[in-house]
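Colleague: I would like to learn how to read a model like this one feature by feature. Could you take me through it, giving the general idea before each case?

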Amino acid sequence: MNTSIIKTKHIGEGTAIGEFCVIGENVQIGKNCKIYNNVTLDGCTIIGDNTTIFPNATIGTMPQDLKYNGEKTELIIGKNNIIREFTMFNPGTGENGKTIIGDNNLFMAYVHIAHDCVIGDNCILANCATLGGHIHIGNNVNIGGLSAIHQFVHIGDGSMIAGASALSQDIPPYCLAEGNRAIIRGLNKYKMRKIFTSKQIDEISHIYKLLLSGDKPIKEIADEILCNTDSKIIKDICMFIKDSKRGIPYKRGNINE
């Protein structure tokens, strides 16, 4: 006999639920998921197909935000995610607020995803990575263990945040950042080699050298590059920098390509 408390009727075919779980009535679980023992799933939470949630995870409970006043918010988790032990994922805040997580991500033990975060696909968050509210993370991002990310930070596609970092500003695509406070140390060539050709990698490296080693403000350099390129990759990098609200953390000329 299963000793779990299961209030929802929305459980996909092939999904297995372990002992001593508590699952709220507004939770929707996709097909072929595996929910281990002692998991709590609550709130308006949607979990995509083929997702595995390990013991003692707490998913969809009330956000840790004093401005939350019981309004209807959501947590949407995509397909093929692995969510390890003692993780906590919170829904959004504000009317119809959402926390959205993509597909094929790995969240190691004790990861915290706060309210209103948006996370892309194919990301890895190592043990005890902690995200404040309203953080946006692109695709193919790695965040090292024991790292803390300040609310409203944006992290671009293909970037890596080294372990034990404290990040309070935006990290553009394909960069490697490290430290407390974290700054850009170089490019994430390991990830870039899986995505781009050698010619594209050389082009991106050259552009970052111009952006981070120039004698003008970085947004002004990004404007100049945008006027002289047809490359979508380079345009995306420059637009990320131009749109940054929290600034880009780097020391001029201190980039190891």
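Predicted model: local features only at pLDDT ≥ 70, side-chain atom pairs only at ≥ 80, totals over all residues.

Modeller: Let us begin with burial, where a residue counts as buried if its relative accessible area is under 20%.

Colleague: How many aromatic pairs does a search of the whole structure find, and how are the rings of Phe-89 and Phe-107 arranged?

Modeller: The search finds 4 aromatic pairs. For the geometry of a pair, planes over 60 degrees apart count as edge-to-face. The ring centres of Phe-89 and Phe-107 are 5.0 Å apart and their planes stand at 75 degrees, so this pair is edge-to-face. Because Phe-89 belongs to strand β13 (residues 88–89) and Phe-107 to strand β15 (residues 106–107), the pair ties together parts that are 18 residues apart in sequence.

Colleague: Where in the chain do Tyr-174 and Phe-196 lie, and are they buried or exposed?

Modeller: Tyr-174 and Phe-196 also form an edge-to-face aromatic pair, with 5.0 Å from centre to centre and 80 degrees between the planes. Tyr-174 is in the loop between β25 (166–167) and β26 (175–179), while Phe-196 is in the loop between α1 (189–195) and α2, so that the pair links distant parts of the chain, 22 residues apart. Both Tyr-174 and Phe-196 are buried.

Colleague: Turning to the strands, what is the order of the open sheet of 10 strands, and which strands stand at its edges?

Modeller: The order here is β3-β6-β9-β12-β15-β18-β21-β24-β26-β27, and the pairing is mixed. Strands β3 (16–17) and β27 (182–187) are at the edges with a single partner strand each, so one side of each is left without a neighbour in the sheet. Within this order, β9 (residues 52–53) and β12 (residues 82–83) pair in the parallel sense over 2 bridges, and the bridge partner of Ile-53 in β12 is Ile-83.

Colleague: Which residues form the covered face of strand β11, and which the uncovered one?

Modeller: In β11 (residues 74–77), Leu-75 and Ile-77 form the covered face, whereas Glu-74 and Ile-76 form the uncovered one. Strand β8 (residues 44–47) runs parallel to β11 and is joined to β11 by 4 bridges, with Ile-77 as the bridge partner of Ile-47. A further 4 bridges join β11 to strand β14 (residues 98–101), again in parallel, and Leu-75 stands opposite Thr-99 in β14.

Colleague: At what angle do helices α2 and α3 pack, and which residues meet there?

Modeller: For helices, one reads the angle and the axis distance, and then the residues in contact. Helix α2 (residues 198–213) and helix α3 (residues 218–226) pack at about 140 degrees, with their axes 8 Å apart, which makes α2 oblique to α3. Ile-207, Leu-210, Leu-211 and Leu-212 in α2 meet Ile-218, Ile-221, Ala-222 and Ile-225 in α3. By class, this contact has 8 nonpolar residues, no polar ones and no charged ones.

Colleague: Finally, where is Gly-120, and which residues does Gly-120 touch?

Modeller: Gly-120 is in the loop between β17 (118–119) and β18 (124–125), and with a relative accessible area of 12% Gly-120 is buried. Leaving aside residues up to four places away in sequence, Gly-120 touches Gly-102, Asp-103, Asn-105, Ile-137, Gly-138 and Asn-139.

Technical notes
Residues numbered from 1 in each chain as written. Heavy atoms only, no water. Axes fitted to C-alpha atoms, helices over the stretch in contact; angles between N-to-C directions. Parallel < 35°, antiparallel > 145°, perpendicular 65-115°, else oblique. Contact = heavy atoms within 4.5 Å. Nonpolar A, V, L, I, M, F, W, Y, C, P; charged D, E, K, R; others polar. Pairing = 2+ DSSP bridges. Phe/Tyr/Trp six-rings, centres within 6.5 Å; stacked < 30°, edge-to-face > 60°. Buried < 20%, exposed > 50% of the residue type's maximum accessible area, 1.4 Å probe, protein only.
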